[in-house]
Amino acid sequence: LLDPFDPRFERLLALGCRWLDMTGGPPFHELPAEQRIALVEWMSASDWNGVPRRFYELVRQTAVEAYYSDPAAWRGMSIERPPQPLGYPPPWASP
């Protein structure tokens, strides 16, 4: 799992955001929504070994972990704990 408090993680996020701002034109946050969406879609489909895809996957994984670790996200679902607090047990193992 990623540690959002690790200084290396913070540096990686800062560098990735700086890269987004240097993709041409105005900074990422000033782009129209359609252009931001197009850029993120491009990143998600780019070469796995390239920086854009790795940055996309890092941010996506961090967001998913943060969302599903919050009990408020579990409302309306049939779970009472984070989906994977114990790793990935086989389907026949009792929770």
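**Burial and surface**

I began with burial, and I noted that 18% of the 95 residues of the protein count as buried, where buried means under 20% relative accessible area, exposed means over 50%, and partly exposed lies in between (1.4 Å probe, protein chains only). I keep in mind that this is a predicted model, in which local features need pLDDT of at least 70 and side-chain atom pairs count only at pLDDT 80 or more, while totals for chains, interfaces and linings use all residues. Residues are numbered from 1 along each chain as its sequence is written, and side-chain values use heavy atoms, with hydrogens and water left out.

I then looked up the accessible surface of the protein, which comes to about 7500 Å², with 60% of that area belonging to carbon and sulfur atoms; such areas come from the Shrake-Rupley method with a 1.4 Å probe, and for residues only the protein chains shown count as cover.

**Helices**

I found three helices and zero strands in the protein, and along the sequence the pattern reads α-α-α. Here helices (H or I, at least four residues) and strands (E, at least two) are DSSP runs, numbered from the N terminus.

**Helix 2 against helix 3**

For helix 2 (residues 33-45) and helix 3, the axes come within 7 Å and cross at roughly 105 degrees, the axes being lines fitted to C-alpha atoms, for helices over the stretch in contact, with angles running from 0 to 180 degrees between N-to-C directions. Helix 2 is therefore roughly perpendicular to helix 3, because angles of 65 to 115 degrees count as roughly perpendicular, those under 35 as roughly parallel, those over 145 as roughly antiparallel and the rest as oblique.

I listed the residues that make this contact (heavy atoms within 4.5 Å): V40, W42, M43, S44 and A45 on helix 2, and P52, R53, F55 and Y56 on helix 3. Of these I followed S44, which is partly exposed with a relative accessible area of 26%. Leaving aside its neighbours within four places in sequence, S44 is in contact with R53 and Y56, and its C-alpha is 9.3 Å from that of F55, 11 residues apart in sequence.

**Salt bridges**

I counted two salt bridges, each being a side-chain nitrogen of Lys or Arg within 4 Å of a carboxyl oxygen of Asp or Glu. R53 forms one with E57, the closest N and O atoms being 2.9 Å apart; both residues lie in helix 3, four residues apart, about one turn of the helix, and both are buried. D6 forms a salt bridge with R8, with the closest N and O atoms 2.7 Å apart, and here D6 is buried at 18% relative accessible area, whereas R8 is exposed at 65%.

Last, I looked at a nonpolar surface patch formed by V64, Y67, Y68 and M77, with about 350 Å² of accessible area together. Patches are made of residues with over 30% relative accessible area and no salt bridge, like charges being joined within 9 Å and nonpolar side chains (Val, Leu, Ile, Met, Phe, Trp, Tyr) within 5 Å. M77 is found in the segment after helix 3 (51-68) and counts as partly exposed at 39% relative accessibility.
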